[in-house]
Amino acid sequence: MKNRYIENFEKAQIQNKQVPSFKAGDTIKLGIRIVEGDKSRIQNFEGICISIRGNGVDRTFTIRKIGANNIGVEKTFPLYSESLESIEVLRIGRVRRAKLFYLRDRKGKAARIKEDRS
């Protein structure tokens, strides 16, 4: 049971941001605003969404990609973060799980996810 003032504040924060609908298994490209001193730039991060959790303003999602030397990199982002400049869904994956943590143990072709062509 939340306080009504907190609920109104959270609704106001959610209304300002347009977020595409995506689920676990989708390949997503994020534009992340990085501030270094007085300068800021946008850095892209592209990977597979392995989990979505929470609701409302507290909603977060985890993106996994394979970086240099075949090392897996996972980052968790709040969905309504100010540092997220853009969210773009590149591929829609066909999966049967809500959390794809099993991808952490897989490498190469075994870590692929089929694309949903419908």
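**Strands, cores and pockets of the chain**

Strand β3, which spans residues 60-66, gives the most to the lining of the largest pocket, with 3 residues. The model described here is predicted, and its secondary structure comes to 1 helix and 5 strands, which follow one another from the N terminus in the order α-β-β-β-β-β.

**The chain as a whole**
- The chain has 118 residues, of which 25% count as buried, and its C-alpha atoms fill a box of roughly 50 × 40 × 25 Å when this is taken along the principal axes.
- If we look at contacts between residues at least 6 apart in sequence, 48% of these join residues that are at least 24 apart.

**How strand β1 pairs**
- Strand β1 pairs with strand β2 (residues 39-53) in the antiparallel sense, over 10 bridges, and it also pairs with strand β5 (residues 84-91) in the antiparallel sense, over 6 bridges.
- The strands β1 and β2 form a hairpin with 2 residues between them, and in its turn Gly-37 has a positive phi of about 70°.

**Lys-29, a residue of strand β1**
- Lys-29 is placed in strand β1, which covers residues 27-36.
- Lys-29 is classed as partly exposed because its relative accessible area is 28%, a value that falls between the limits of 20% for buried and 50% for exposed.
- Once neighbours within four places in sequence are left aside, Lys-29 is in contact with Asn-44, Phe-45, Glu-46, Ser-86, Ile-87, Glu-88 and Leu-90.
- Glu-7 is 22 residues away from Lys-29 along the chain, and the C-alpha atoms of the two are separated by 30 Å.

- In soluble globular proteins, nonpolar side chains tend to be buried together.
- The largest nonpolar core in this model has 13 residues, and those that touch the most other members are Phe-22, Leu-30, Phe-61, Ile-63, Phe-77 and Ile-87.
- Strands β1, β2, β3 and β5 are the elements that give two or more residues to this core.
- A second, separate core has 5 residues, including Ala-24, Ile-50, Leu-100 and Ile-113.
- Phe-77 touches Leu-30, Ile-32, Phe-45, Arg-59, Thr-60, Phe-61, Ile-63 and Leu-84, if residues up to four places away in sequence are not counted.

- The largest pocket has a volume of about 380 Å³, and of the 20 residues that line it, Ile-48, Ile-66, Gly-108, Ala-111 and Arg-112 lie nearest its centre.
- Sorted by class, the lining of the largest pocket has 7 nonpolar, 6 polar and 7 charged residues.
- The second largest pocket has a volume of about 150 Å³, and the residues that line it are Arg-94, Val-95, Arg-96, Tyr-102, Leu-103, Arg-106, Ala-110, Ala-111, Arg-112, Ile-113 and Lys-114.
- The lining of the second largest pocket divides into 6 nonpolar and 5 charged residues, with no polar ones.

Notes:
Residues numbered from 1 in each chain as written. Predicted model: local features only at pLDDT ≥ 70, side-chain atom pairs only at ≥ 80, totals over all residues. Heavy atoms only, no water. Helix = DSSP H or I, 4+ residues; strand = E, 2+ residues; numbered from the N terminus. Buried < 20%, exposed > 50% of the residue type's maximum accessible area, 1.4 Å probe, protein only. Contact = heavy atoms within 4.5 Å. 1 Å grid on protein atoms, 1.4 Å probe; cavity = no way out; pocket = protein on both sides within 12 Å on 5 of 7 lines; lining within 4 Å. Points joined across faces, edges and corners; volume = space filled by probe spheres on them. Nonpolar A, V, L, I, M, F, W, Y, C, P; charged D, E, K, R; others polar. Pairing = 2+ DSSP bridges. Core = buried A, V, L, I, M, F, W, Y, C linked by side-chain atoms within 4.5 Å.
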